[in-house]
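Please open the model in your viewer and keep the selection panel at hand.

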Amino acid sequence: MNHPGRGRPPSLLWTVRGSLSRRLYWLIATSSFCSWIAAWWAVTALQLVDPLFLPGPALVLRRFAGWLRDGDLLRDAGISIFRVTAGFLLSATMALPLGLAIGAYRPVRAFFEPLLEFARYLPAVAFVPVVLLWAGIGESSKIAVIWIGTFFQLVLMLSEDVARVPMPQVEAARTLGATGREVVALVLMRSAMPAMFDTLRITLGWAWTYLVVAELVAANSGLGYAILKAQRFLQTDRIFVGIIVIGLIGLGTDQFLRWVHRRLFPWAGARST
């Protein structure tokens, strides 16, 4: 029995997990951004929402230009980038060896996993008073909040990346006479490296989401602090500028890390496109 459409070649664009050229990818991505900006402009131009609650793109651009001209925007962005980078690097440096050990050894998993599962549900903002007592009001307190917000989830995700390495690879290494340490270093870690790099990239985005929480801790600079200060004075356009700048920094960083992933692990490039 003939079915309509059977035998017809499927559209390459809509093939499940099909391929897409980078030019077409960026064309679709750009049209997505443009459509959202057009919708934003239309809603504000038609005055469907009070500008106090939703300023138009023109107001936001003027505020961006003024903030940039004053020199405060670059300073605040630089301070926030430093805090996020320091907190994330501290988290990654501690999480990588621990995640590798948890994914490789069952006793280590049994010892750490329940505690980490418990800790990852604790809200980072709840630790702010304790962090102030422990670390004071300097930069270390902001970095500590970002560490708390990312470390526990990062360890668990990295351990799962290691645990997903196929067992036949481990058995083949044992058959060839590899020691336990060689299996961990040469099989588990190397096989899991593309997935672990992606996990680090994704978790870096989480670090940015904890920026505003971190800059609640006795801060007088940074993008998160500027957003909170603008909220007190109902400067909605300044809030939008801060949010958009954080998003652009995050998007640029993410695209750079995707490029690095393709260069380091070309055989696993499908996950980074």
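Which helix gives the largest share of the lining of the largest pocket? The answer is H11, which contributes 6 residues. Please bear in mind throughout that this is a predicted model.

**First stop: the largest pocket**

Select helix H1 (22-45), helix H2 (57-70) and helix H11 (236-264), the elements that each give two or more residues to the lining of the largest pocket. The space in this pocket amounts to about 520 Å³. Next, display the side chains of Phe33, Ile37, Trp40, Ile244 and Leu248; of the 15 lining residues, these are the closest to the centre of the pocket. Colouring the lining by residue class gives 14 nonpolar residues, 1 polar residue and no charged residue.

**Second stop: the second largest pocket**

Move to the second largest pocket, whose volume is about 370 Å³. Its lining comprises 17 residues, and those closest to the centre are Gly103, Ala104, Met167, Arg174 and Leu188. To see the surrounding elements, select helix H3 (72-104), H4, H6, helix H7 (167-175) and helix H8 (180-209), each of which supplies at least two lining residues. Of these, H8 gives the most, with 4 residues. By class, the lining of this second largest pocket divides into 11 nonpolar, 3 polar and 3 charged residues.

Now select helix H4 (residues 106-119) together with helix H6 (residues 139-163). Their axes lie 9 Å apart, and the two helices pack at an angle of about 135°. H4 is therefore oblique to H6. The crossing of this pair is left-handed. On the H4 side, show Arg109, Glu113, Leu116, Glu117 and Ala119; on the H6 side, show Phe152, Val155, Leu156, Ser159, Glu160 and Ala163, for these residues make the contact. Sorted by class, the contact of H4 with H6 holds 6 nonpolar, 1 polar and 4 charged residues.

The classes represented in the contact of H3 with H10 are 4 nonpolar, 2 polar and 1 charged.

Terms used:
Residues are numbered from 1 along each chain as its sequence is written. This is a predicted model: local features need pLDDT of at least 70, side-chain atom pairs count only at pLDDT 80 or more; totals for chains, interfaces and linings use all residues. Side-chain values use heavy atoms; hydrogens and water are left out. Axes are lines fitted to C-alpha atoms, for helices over the stretch in contact, and angles run from 0 to 180 degrees between N-to-C directions. Angles under 35 degrees count as roughly parallel, over 145 as roughly antiparallel, 65 to 115 as roughly perpendicular and the rest as oblique. A crossing is left-handed if the near helix is turned anticlockwise from the far one by less than a right angle, and right-handed if clockwise. Contact means heavy atoms within 4.5 Å. Ala, Val, Leu, Ile, Met, Phe, Trp, Tyr, Cys and Pro count as nonpolar, Asp, Glu, Lys and Arg as charged, and the others, Gly among them, as polar. On a 1 Å grid over the protein atoms alone, a cavity is a set of points where a 1.4 Å probe fits but cannot get out, and a pocket is an open set with protein on both sides within 12 Å along at least five of seven lines; lining residues have an atom within 4 Å of a point. Grid points are joined across faces, edges and corners, and a volume is the space filled by probe spheres set on the points.
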